[in-house]
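Thanks for coming, everyone. Before I say anything, please take a moment to look through the sequence and the model on the screen.

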Amino acid sequence: MDHREHPAPAATARVPAQTRTGEPAWEAGAHPAGTPAARGEHTHGEGPLPQPRAAVQRSSVRGQILDALRTALASGELTPGEVYSAPALGERFGVSATPVREAMQQLALEGAVEVVPNRGFRVVRRGARELAELAEVRALIEVPVMMRLARTVPAERWAALRPLAEESVRAAALGCRATYAEADRAFHRAVLALAGNEQLVQIAEDLQRRAVPLRGGRADLMADAGEHAALLDALAAGELDAVRRLVAGHFATAG
């Protein structure tokens, strides 16, 4: 396959402007680094400087870029196996290369892309075997947890999660994998959160992000979403065999 750099996909929304270097600009009247005020000192009659809002703003830009890139990956806008540079993506999103590069580094840690020195980032191509392995790992982690929750969580707690299951059905009906992926993560996150283990939730969500399906149209998404309601019914009724079957089958067909 030709791995030359490909144009970045069109962005659906622009993010707030920033400096060309990607660094937050000081607000009017703020002191440059190295002055007494910058070191925390102040003169008579001058109060301490507030924390610069620009630093938070930069973090917000990076977060928005990260969300946009995750959406592009889930929807297939960023093609597996292709290389994309931070400057090209930054131009599309209307920002400098810096927040794009930082977001891509995070995606590299998550296993969604890999760094190509002096070129950019290659979108990871996952084969059927790797997706099957990810599904197996997810089942090994989540099936025992959900079995325990089925024995300990009262039925009314499961009823409170019904709107999330319904939202996943509405998202699936749109036929957009990116939209459905977010609704699917929200549902599974809420279910696992009942275990009271934040590390478990984070690990499960990381595995879910890695398991980007090879294909899947509206019908596949609708079938996947329909299993959420069935799982809630089994959990509320304490039907352990049904819970085990539904969870394992849900992961096996997700890719």
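In the largest nonpolar core, which has 29 residues, the members that touch the most others are M146, W158, L231, L235 and V243; by such a core I mean buried Ala, Val, Leu, Ile, Met, Phe, Trp, Tyr and Cys residues joined through side-chain atoms within 4.5 Å, where buried is under 20% relative accessible area with a 1.4 Å probe and protein chains only. Two or more residues come from each of α4 (128-152), α7 (177-193), α8 (198-210), α9 (218-237) and α10 (240-254), and α4 gives the most, with 8 residues; helices here are DSSP runs of H or I with at least four residues, strands are E runs of at least two, and both are numbered from the N terminus.

This is a predicted model, in which local features need pLDDT of at least 70 and side-chain atom pairs count only at pLDDT 80 or more, while totals for chains, interfaces and linings use all residues. Residues are numbered from 1 along each chain as its sequence is written, and side-chain values use heavy atoms, leaving out hydrogens and water.

Leaving aside residues up to four places away in sequence, W158 touches L149, A150, V153, V191, L194, L232, L235 and A236, contact being heavy atoms within 4.5 Å. Another core lies apart from that one, with 21 residues, including I65, L66, V100 and A112.

Turning to the strands, β2 (residues 113-116) and β3 (residues 120-123) run antiparallel and are joined by 4 bridges, where pairing requires at least two DSSP bridges. V113 stands opposite V123 in β3, and in the hairpin, with 3 residues between the strands, N118 has a positive phi near 65°.

Technical notes
Buried < 20%, exposed > 50% of the residue type's maximum accessible area, 1.4 Å probe, protein only.
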